[in-house]
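Here is a short briefing on one protein model. Please look over the sequence and the structure before reading the points below.

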Amino acid sequence: LELGRIQRDSRLAQASLESARRELNALLGLPPTYKLELTGSAASLSTTVAQDVPDDELDRRLLAGRFELRALE
């Protein structure tokens, strides 16, 4: 059952990818079946783990330079 779920999830992800590619092609004015190769699309993504900060520091960082958010606060 788990293998079946994994295969289903894989098919859904592939279908979602193809749908997103067709949508991107439409936005760019390209035919839906055009194989647009994006630079670095096959490269793995790198992530950075940030240190856990206190809520006050997080609020300060979020509001820095965001005057509309500071006004709403």
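Asn-25 is buried, at a relative accessible area of 3%, where buried means under 20%, exposed over 50%, and partly exposed in between, using a 1.4 Å probe and protein chains only. The model is predicted, so local features need pLDDT of at least 70 and side-chain atom pairs count only at pLDDT 80 or more, while totals for chains, interfaces and linings use all residues. Residues are numbered from 1 along each chain as its sequence is written, and side-chain values use heavy atoms, with hydrogens and water left out.

**Surroundings of Asn-25**

- Asn-25 sits in helix α1, which covers residues 2–27; helices (H or I, at least four residues) and strands (E, at least two) are DSSP runs, numbered from the N terminus.
- Setting aside neighbours within four places in sequence, Asn-25 is in contact with Leu-30, Pro-31, Pro-32, Tyr-34 and Leu-36, contact being heavy atoms within 4.5 Å.
- Buried residues make up 5% of the 73 residues in the protein.

**Salt bridges**

- The count of salt bridges comes to four, a salt bridge being a side-chain nitrogen of Lys or Arg within 4 Å of a carboxyl oxygen of Asp or Glu.
- One of them joins the side chains of Arg-60 and Glu-57, at 2.7 Å from N to O.
- Both Arg-60 and Glu-57 belong to helix α2 (residues 55–63), where they are three residues apart, about one turn of the helix.
- Glu-57 also forms a salt bridge with Arg-61, with the closest N and O atoms 3.0 Å apart.
- Arg-61 and Glu-57 are four residues apart in helix α2, again about one turn of the helix.
- Glu-57 is partly exposed at 24% relative accessibility, and Arg-61 is partly exposed at 48%.
- Glu-68 and Arg-66 form a salt bridge in which the closest N and O atoms are 2.6 Å apart.
- Salt bridges that share partners link Glu-57, Arg-60 and Arg-61 into one network.
- Glu-68 has a relative accessible area of 43% and is partly exposed; Arg-66, at 38%, is partly exposed.

**Nonpolar surface patch**

- Leu-24, Leu-28 and Leu-38 make a nonpolar surface patch of about 250 Å².
- Patches are made of residues with over 30% relative accessible area and no salt bridge, with like charges joined within 9 Å and nonpolar side chains (Val, Leu, Ile, Met, Phe, Trp, Tyr) within 5 Å.
- Leu-38 lies in the loop between α1 and α2 and is partly exposed, with 43% relative accessibility.

**Overall form**

- The protein has three helices and zero strands, and its pattern along the sequence is α-α-α.
- The radius of gyration is 20 Å, well over the 11 Å that the globule rule gives for 73 residues, so the protein is more spread out than a compact globule.
- That radius is taken over C-alpha atoms, and the globule rule is 2.2 Å times the number of residues to the power 0.38.
- Along the principal axes, the C-alpha atoms fill a box of roughly 45 × 40 × 25 Å.
- The accessible surface comes to about 7000 Å², of which 57% belongs to carbon and sulfur atoms.
- Accessible areas come from the Shrake-Rupley method with a 1.4 Å probe, and for residues only the protein chains shown count as cover.
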